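Please keep the structure in view while reading.

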Amino acid sequence: MRGALHILATLRAAGFQAYVVGGSVRDRELGLEPQDHDIATDATPDRVLALFPKVIPTGVKHGTVTVIVEGVPYEVTTFRRDVECHGRHATVEHTTSLQEDLSRRDFTVNAMACDPETGQVIDPFGGREDLTRRVIRCVGDPPARFEEDHLRVLRAIRFAAQLDFEIEPATWAALLEKAPLLERISQERIAHELWGVLAGRAVWHGVRLLDQAGILARLLPELAATRGVTQPPRYHHLDVFEHTMLALQHAQDSTPDPVTRLAVLLHDIGKPATRSTDHEAIHFHGHEEVGARLVPDLVARLRLAASSRIHLDTKELTDRLQKLIRLHLRPSQLHGAKGGALRRFVREAGLLLDELLLVVLCDRLAHREPDIEALDRLKRDIAALGPASHIHQLRSPLSGHEIMRLLGLQPGKALGEAKDALVDAIVSGEVPDDREAAERWLLARFGRVVTPGVP
Ligand code: ATP
Ligand code: MG
């Protein structure tokens with residue numbers, strides 16, 4: 001905030017208007033810590049550039065420059081007025097009217113400005129009242145606002161999830177009507193808002209709204225396909241979709257991490273394709289594997305790694321989701337196992353162990369009779385492994401080169417297999433973790449390949 005005050009004072013001393021606007025005014029009124037402070041001014045970008053020593057012309061075309069004060073970046077944007085909007089792009093021009101600038105903002109709670117000198121909040125559209133009522137309401141005529149910029153459909157739901165607000169009835173009616181227009185919006189922009197929903201403190205509410213607006217079925221048909229898929233009544237009182245929603249509700253309370261929450265949302269997407277019945281019994285054999293295999297296409301199609309809200313590339317995100325889905329049944333299959341089987345599980349879960357146990361917890365809590373005790377026991381058993389709970393960091397005591405020389409192998413698949421088998425054997429306690437034991441075990445297990453010409 002100190003930097004923002006400095007920028008405001010500098011602009012005002014030079015004779016310009018300057019206000020804090022948008023999200024930070026909203027968050028402060030709510031008593032939340034604002035993430036960043038956006039500044040709006042009637043100074044044109046070239047004037048702003050000339051006034052501050054450290055500036056980056058980030059979006060001069062759109063009227064935005066980034067001013068750096070004490071290492072913190074602040075966006076300073078010249079007041080704007082829409083000339084033309086086509087749903088995806090707006091043509092804007094500069095204006096000297098704060099009022100005009102606020103009127104082009106999306107929702108009343110985002111259309112307030114704060115005068116730093118008096119502390120007075122400029123609120124022409126009833127944003128403060130809507131904050132008290134906890135509603136998201138369009139500035140102006142809702143259908144027209146969604147026509148102007150289709151992404152606002154998703155932004156309304158994102159803010160409802162982020163703030164735990166309802167959407168005001170007229171805005172909601174227009175949203176339902178205009179939701180299909182989202183098809184025309186780039187997947188990257190959609191993904192950014194989707195992560196906003198997933199990170200929201202009311203993520204469950206947000207996903208419900210996405211569902212009611214028909215957006216969930218378009219974005220995540222894999223999840224929509226779980227609706228109406230019935231499950232064995234002994235364990236489940238809900239169909240797969242409602243079970244998943246209940247699990248998401250638990251995820252909302254247990255973790256702020258949007259990736260883990262997404263994994264909870266996707267953990268059973270393999271069920272529709274694997275459902276089988278015999279003698280009244282319902283099975284979903286291999287659904288965790290089938291579900292994991294749906295992930296690469298889903299992540300690529302939705303461009304999920306393309307948002308600055310997520311700091312993983314496509315491969316990292318895909319791997320993470322796949323692992324969480326693929327292993328979500330493993331704890332139930334361990335049946336109180338100790339020793340080798342448990343260590344192998346810990347190794348397989350690797351650095352995702354905590355997230356995996358969270359997914360498992362949320363899944364279990366959404367069963368007819370949640371068995372949490374078994375999970376607590378598992379956690380205790382893992383903790384009791386002591387340093388072995390760092391098993392995922394275990395490396396082979398012999399390098400690839402050493403194994404090659406020992407077994408007479410060339411680089412390739414056989415070498416990788418030998419190395420993996422060795423680490424497995426150490427993890428499961430079959431072989432002590434030292435070089436000599438490893439050499440003896442490898443020779444006994446694989447023998448030495450004698451290649452002509454290789455000593
Ligand atoms: P957050 O805390 O999540 O960043 P924010 O309110 O700052 O919330 P941004 O998406 O960063 O949200 O947008 C900053 C401000 O710009 C908004 O508060 C709103 O006033 C305005 N704005 C952003 N996108 C739009 C849009 N599509 N249509 C109209 N106004 C918008
Ligand atoms: Mg913002």
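Asp434 sits in the loop between α23 (413-427) and α24 (435-446); helices (H or I, at least four residues) and strands (E, at least two) are DSSP runs, numbered from the N terminus. This is a predicted model, in which local features need pLDDT of at least 70, side-chain atom pairs count only at pLDDT 80 or more, and totals for chains, interfaces and linings use all residues. Residues are numbered from 1 along each chain as its sequence is written, chains are lettered from A and ligands numbered from 1 in the order in which they are written, and side-chain values use heavy atoms, with hydrogens and water left out.

**Charged patch**

- Asp434 belongs to a surface patch of negative charge together with Asp433, Glu436 and Glu439.
- A patch is made of residues with over 30% relative accessible area and no salt bridge, like charges being joined within 9 Å and nonpolar side chains (Val, Leu, Ile, Met, Phe, Trp, Tyr) within 5 Å.
- Asp434 counts as partly exposed because its relative accessibility is 36%; buried means under 20% relative accessible area, exposed over 50%, and partly exposed in between (1.4 Å probe, protein chains only).

**Domains**

- The chain is assigned domain 1 (2-125), domain 2 (134-219), domain 3 (227-393) and domain 4 (400-446), with bounds from an automatic or database domain assignment.
- Between the C-alpha centres of domain 2 and domain 4 the distance is 55 Å.

**Salt bridges**

- Side chains of opposite charge can pair when their charged atoms come close.
- There are 32 salt bridges in the structure, each a side-chain nitrogen of Lys or Arg within 4 Å of a carboxyl oxygen of Asp or Glu.
- Asp130 pairs with Arg137, and their closest N and O atoms are 2.8 Å apart. Asp130 is buried at 2% relative accessible area, whereas Arg137 is partly exposed at 23%.
- Arg152 and Glu148 form a salt bridge whose closest N and O atoms are 3.0 Å apart. Here Arg152 is buried, at 7%, and Glu148 is partly exposed, at 24%.
- Arg435 meets Glu402 in a salt bridge of 2.9 Å, N to O. This pair links distant parts of the chain, with Arg435 in helix α24 and Glu402 in helix α22 (residues 400-407), 33 residues apart. Arg435 is partly exposed at 41%, and Glu402 is partly exposed at 25%.
- Asp106, Arg155, Arg158 and Glu193 are joined into one network by salt bridges that share partners.

Notes. Accessible areas come from the Shrake-Rupley method with a 1.4 Å probe; for residues, only the protein chains shown count as cover. Lys and Arg count as positive and Asp and Glu as negative; His and the chain ends are not counted. The place of a charge is taken as NZ of Lys, CZ of Arg, CG of Asp or CD of Glu.
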